[in-house]
Amino acid sequence: MIINHPILGPRDFQEFTYLGDASLIDRPDWQADNAADQFHDYLYLRDNPAGEHRELWFHEQGDRSWLVVTRNTVTHEILNVELARDVARARGRSK
Amino acid sequence: MGKFDNHGLKAISPLGGHEPRADTFTGLLIREVTDRALASLAARQGQAEAVKSTAASYLGGSLPEPASWNANGVFAAWWMGPDLWMVSAPHDSHELMAADLKQAVGDAGSVVEQTDGWCRFDMEGPRCFDVLERLCNANVRSGKAGDATRTSMEHLGVFLLCQTPGQGYSIVGPRSSAASLHHALVAAAKSVI
């Protein structure tokens with residue numbers, strides 16, 4: 001499997017480590033009234049699609065950037081790779 | 001004489017010797033390099049352009065582009081990751097480089113002294129390709145001068161800097177694993193040559 005790094009180009013997936021669902025970027029507001037429920041869902045509930053899945057990968061043996069990789073879990077085709085930093089900022093996560 | 005020179009202590013190299021280690025093979029030299037001061041430079045959020053311009057005036061040239069390294073006079077720098085660089089200079093004349101660099105970039109960047117965190121081995125000679133391709137998965141044969149690749153050798157994260165394709169490389173790895181990295185380089189050289 002080759003991951004097409006947005007800065008460095010195609011790199012062997014062995015250079016990367018996998019964290020999990022990219023929804024981990026959407027960390028709930030800890031001050032919300034129902035924060036406990038939101039954190040329960042954030043921590044324990046995951047979609048498990050057969051098909052397109054957005055995942056967090058870490059380029060550990062490379063430039064140490066976090067990536068959001070869109071991968072087809074059935075075919076392992078990699079459809080899109082973005083810097084997680086850019087994804088988080090686009091969702092207003094960066095202060 | 002600097003103000004710290006009267007301590008009576010003698011520095012040792014990452015491999016523990018009083019002189020840098022050199023291993024010679026037919027068509028290959030692997031030598032320890034101990035005379036460079038290092039400092040990392042990270043741009044703070046939204047300050048990348050400010051860091052690039054202030055660092056450029058300190059270094060006398062621009063910071064390198066992603067996946068590359070460059071040299072400007074006595075300074076050299078390589079790209080480590082997004083908005084992150086390592087700067088190097090001769091240790092004897094630039095022992096306090098980290099403080100100077102911090103003064104140059106101000107609040108736009110964060111600087112960390114790195115000199116004793118790393119070991120460096122330079123590999124020189126026509127057999128470089130044969131040895132490096134057994135050590136890491138970097139595509140060295142299609143590389144060019146000025147490439148800086150973070151890759152792994154002997155399960156260690158290292159920087160591979162290309163000076164002359166096929167002829168001259170620097171390998172910078174974690175100092176605490178210098179002996180393991182050196183063992184890997186020498187073992188790969190012995191298996192090829």
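Predicted model: local features only at pLDDT ≥ 70, side-chain atom pairs only at ≥ 80, totals over all residues.
**View 1. Overall build of chain A.**
Chain A contains two helices and six strands. Along the sequence these elements follow the pattern β-β-β-α-β-β-β-α. The C-alpha trace of chain A spans about 45 × 30 × 20 Å along its principal axes. Of the 95 residues in chain A, 17% count as buried. Taking the contacts in chain A between residues at least 6 apart in sequence, 48% join residues at least 24 apart.

**View 2**
Strand 1 (residues 2-5) and strand 2 (residues 9-12) of chain A are paired in the antiparallel sense, with four bridges between them. Ile3(A) has Arg11(A), in strand 2 of chain A, as its bridge partner.

**View 3. The open sheet of chain A.**
Four strands of chain A make an open sheet in the order 3-4-5-6, with antiparallel pairing. Strand 3 (17-21) and strand 6 (78-83) of chain A are the edge strands, each pairing on one side only. On average, and with direction ignored, neighbouring strands in this sheet are turned by 30° against each other. Within the sheet, strand 4 (residues 52-58) and strand 5 (residues 66-72) of chain A run antiparallel and are joined by seven bridges. The bridge partner of Arg54(A) is Thr70(A), which belongs to strand 5 of chain A.

**View 4. His76(A) in the loop between strand 5 and strand 6 of chain A.**
His76(A) lies in the loop between strand 5 and strand 6 of chain A. Its phi is near 65°, a positive value in a residue other than glycine. His76(A) counts as exposed because it has 9 C-beta neighbours inside 10 Å, and the cut-off for exposed is 12 or fewer.

**View 5. Helix 1 of chain B and its packing.**
Helix 1 of chain B comprises twelve residues (residues 48-59), which at 1.5 Å a residue should span 16 Å; the end C-alpha atoms are 16 Å apart, in agreement. Val51(B), Ala55(B) and Leu59(B) are the buried residues in helix 1 of chain B. They cover an arc of only 50° around the axis and so sit on the same side of helix 1 of chain B. Glu49(B) and Ser57(B), on the other side of helix 1 of chain B, are exposed. The elements of chain B against which the buried residues of helix 1 pack are strand 3 (36-43), strand 4 (69-72), strand 5, strand 6 (84-90), helix 2 (97-105) and strand 7 (109-113).

The 15 residues of helix 4 (residues 178-192) of chain B should span 21 Å at 1.5 Å a residue, which agrees with end C-alpha atoms 21 Å apart. In helix 4 of chain B the buried residues are Ala178(B), Leu181(B), His182(B), Ala184(B), Leu185(B), Ala188(B) and Ala189(B). Viewed down the axis of helix 4 of chain B, these buried residues fall within an arc of 160° and therefore line one face of the helix. On the face of helix 4 of chain B turned away from the buried side are the exposed residues Ala179(B), His183(B), Lys190(B) and Ser191(B).

**View 6. Glu154(B) in the loop between strand 9 and strand 10 of chain B.**
The loop between strand 9 and strand 10 (156-164) of chain B holds Glu154(B). The phi of Glu154(B) is near 50°, again a positive value in a residue other than glycine. Glu154(B) counts as partly exposed because 17 C-beta neighbours lie inside 10 Å.

**View 7. The contact between chain A and chain B.**
Eleven residues of chain A and eleven residues of chain B take part in the contact. On the side of chain B that touches chain A, the elements giving two or more residues are strand 5 (75-81) and strand 9 (148-153) of chain B. Strand 9 of chain B supplies the largest share of that side, three residues. By class, the side of chain B that touches chain A consists of four nonpolar, six polar and one charged residues.

Notes: Residues numbered from 1 in each chain as written. Chains lettered and ligands numbered in written order. Contact = placed C-beta atoms within 7 Å. Nonpolar A, V, L, I, M, F, W, Y, C, P; charged D, E, K, R; others polar. Pairing = 2+ DSSP bridges. Expected span 1.5 Å × (residues − 1). Buried ≥ 20, exposed ≤ 12 C-beta atoms within 10 Å, placed from the backbone. Arc of directions from axis to C-beta. Axes fitted to C-alpha atoms, helices over the stretch in contact; angles between N-to-C directions.
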